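Please read the following note with the model displayed beside it. Each point takes up one part of the fold in turn.

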Amino acid sequence: MYWNTGVTLGSLLCIQVITGIILGLHYTPGIYSAYYSVIHIYREVYHGSVYRFIHSSGASMVFITVFMHVYRGIFYGSYIYVSSVLWIGIAVYMILMAVAFLGYVLPWGQMSYWGATVITNL
């Protein structure tokens, strides 16, 4: 059976954007208010915990689908005839990693602080 990873990846990215906008409307950035803002989303926003779960697990699914999409392109040799496709793909992957890092450190807490410390020290 034929499965198009590009369509799946595009759908997951649209879901990430939609849930990110919904979560961003209720999020308050700041050292003292970010954690309580996440708790507010989780407890007080209608289906807030579902949006947060979809957004957090969807990020992992995006990276898994990106790896499958890249593997499929390498397997079929899609990069052979147009060599710029490989470099554009690498640039898009680097941008995706940067956006994921910024999204990871956005809710100010212990886990995001130490995650940012480890990643920036690499």
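Predicted model: local features only at pLDDT ≥ 70, side-chain atom pairs only at ≥ 80, totals over all residues.

1. His 47 lies in the loop between H2 and H3; helices (H or I, at least four residues) are DSSP runs numbered from the N terminus. The phi angle of His 47 is near 60°, a positive value in a residue other than glycine. His 47 is partly exposed, with a relative accessible area of 43%. Here buried means under 20% relative accessible area, exposed over 50%, and partly exposed in between, with a 1.4 Å probe and protein chains only.

2. Residues are numbered from 1 along each chain as its sequence is written, and side-chain values use heavy atoms, with hydrogens and water left out.

3. Phe 75 belongs to helix H3. Is Phe 75 buried or exposed? Phe 75 is exposed, with a relative accessible area of 58%. From C-alpha to C-alpha, Phe 75 and Gly 58 are 25 Å apart in space, and they are 17 residues apart in sequence.

4. Helix H1 has 22 residues and reaches 32 Å from its first C-alpha to its last, close to the 32 Å expected at 1.5 Å a residue; the expected span is 1.5 Å times one less than the number of residues. Thr 5, Leu 9, Leu 12, Gln 16, Thr 19 and Leu 23 are buried in H1. They cover an arc of only 100° around the axis, which puts them on the same side of H1; the arc is that of the directions from the helix axis to the C-beta atoms. On the other side of H1, Val 7, Val 17, Ile 18, Ile 21 and Leu 25 are exposed.

5. Helix H5 has 12 residues, and from its first C-alpha to its last it reaches 16 Å, close to the 16 Å expected at 1.5 Å a residue. Its buried residues include Ser 112, Gly 115 and Ala 116. Viewed down the axis of H5, the buried residues fall within an arc of 100°, so they line one face of the helix. Gln 110, Val 118 and Asn 121 are exposed on the other side of H5.

6. The largest nonpolar core consists of six residues: Leu 23, Tyr 27, Ala 34, Val 38, Ile 41 and Val 45. Such a core is a set of buried Ala, Val, Leu, Ile, Met, Phe, Trp, Tyr and Cys residues joined through side-chain atoms within 4.5 Å.

7. The largest pocket has a volume of about 1100 Å³. Of the 31 residues that line the largest pocket, the closest to its centre are His 55, Ser 56, Gly 103, Tyr 104 and Pro 107. A pocket is an open set of points on a 1 Å grid over the protein atoms alone, where a 1.4 Å probe fits, with protein on both sides within 12 Å along at least five of seven lines; lining residues have an atom within 4 Å of a point. Grid points are joined across faces, edges and corners, and a volume is the space filled by probe spheres set on the points. H3 gives the most to this lining, with seven residues.

Technical notes. Helix = DSSP H or I, 4+ residues; strand = E, 2+ residues; numbered from the N terminus.
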